[in-house]
Amino acid sequence: MKNTPMNRGINFFEKQDKITLDYFIIADPITLKEIHLEQPFEQGRGFIAAYLGKIRLIDNLDMS
C-alpha cells in the first residue's frame, strides 16, 4: 500500500478502538467530484465521516 494522504488517514482510523471510519475521500473543492490520487492535483478537499460510539462525526479540510 502506497504512503498517500488517503492511506495514512485510513491507517490512522484502523488503529483506533473507539472510532469507526465511515468514509474518507479527497474531492475537487469546486466540483466536489472525487479525486483519484493516481492523477496529480493542485487543490483538494478531504471529507470524512466517522463514528465515536453512536455519535457520527463529519468534517472537511483543505488538502492543498
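# Close-up views of a predicted model

**View 1. Asp 22 is partly exposed, with a relative accessibility of 37%.** Here, buried means under 20% relative accessible area, exposed means over 50%, and partly exposed lies in between (1.4 Å probe, protein chains only). This model is predicted, so local features need pLDDT of at least 70 and side-chain atom pairs count only at pLDDT 80 or more, while totals for chains, interfaces and linings use all residues. Residues are numbered from 1 along each chain as its sequence is written, and side-chain values use heavy atoms, leaving out hydrogens and water.

**View 2. Asp 22 and Arg 56 form a salt bridge.** Side chains of opposite charge can pair when their charged atoms come close. The term salt bridge means a side-chain nitrogen of Lys or Arg within 4 Å of a carboxyl oxygen of Asp or Glu. One salt bridge is counted by this rule. Between Arg 56 and Asp 22, the closest N and O atoms are 2.8 Å apart. The pair links distant parts of the chain, 34 residues apart: Asp 22 sits in strand E1 (residues 19-27) and Arg 56 in strand E3 (residues 55-62). Helices (H or I, at least four residues) and strands (E, at least two) are DSSP runs, numbered from the N terminus. Arg 56 is partly exposed, at 41% relative accessibility.

**View 3. Three strands make an open antiparallel sheet, in the order E1-E2-E3.** E1 and E3 stand at the edges with a single partner strand each, so one side of each has no neighbour in the sheet. On average, neighbouring strands are turned by 15° against each other, direction ignored. For such angles, axes are lines fitted to C-alpha atoms, for helices over the stretch in contact, and angles run from 0 to 180 degrees between N-to-C directions.

**View 4. E2 and E3 form a hairpin.** Two strands pair if DSSP finds at least two bridges between them. Strand E2 (residues 45-52) pairs with E3 in the antiparallel sense over eight bridges. Leu 52 has Ile 55 in E3 as its bridge partner. Phe 47 stands opposite Asn 60 in E3. Two residues lie between the strands, and Gly 53 in the turn has a positive phi of about 70°.

**View 5. Six residues make up the largest nonpolar core.** They are Phe 13, Phe 24, Ile 26, Ile 35, Ile 48 and Ala 50. A nonpolar core is a set of buried Ala, Val, Leu, Ile, Met, Phe, Trp, Tyr and Cys residues joined through side-chain atoms within 4.5 Å.

**View 6. Phe 13 lies in helix H1 (residues 5-14).** Is Phe 13 buried or exposed? Phe 13 is buried, with a relative accessible area of 15%. Leaving aside residues up to four places away in sequence, Phe 13 touches Ile 19, Leu 21, Ile 48 and Ala 50; contact means heavy atoms within 4.5 Å. Phe 13 and Ala 50 are 37 residues apart along the chain, and their C-alpha atoms are separated by 8.7 Å.

**View 7. The structure holds one aromatic pair.** The rings of Phe 12 and Phe 13 have centres 5.1 Å apart and planes at 90°, so the pair is edge-to-face. Rings of Phe, Tyr and Trp (its six-membered ring) pair if their centres lie within 6.5 Å; planes under 30 degrees apart count as stacked, over 60 as edge-to-face and the rest as tilted. Phe 12 is partly exposed, at 45% relative accessibility.
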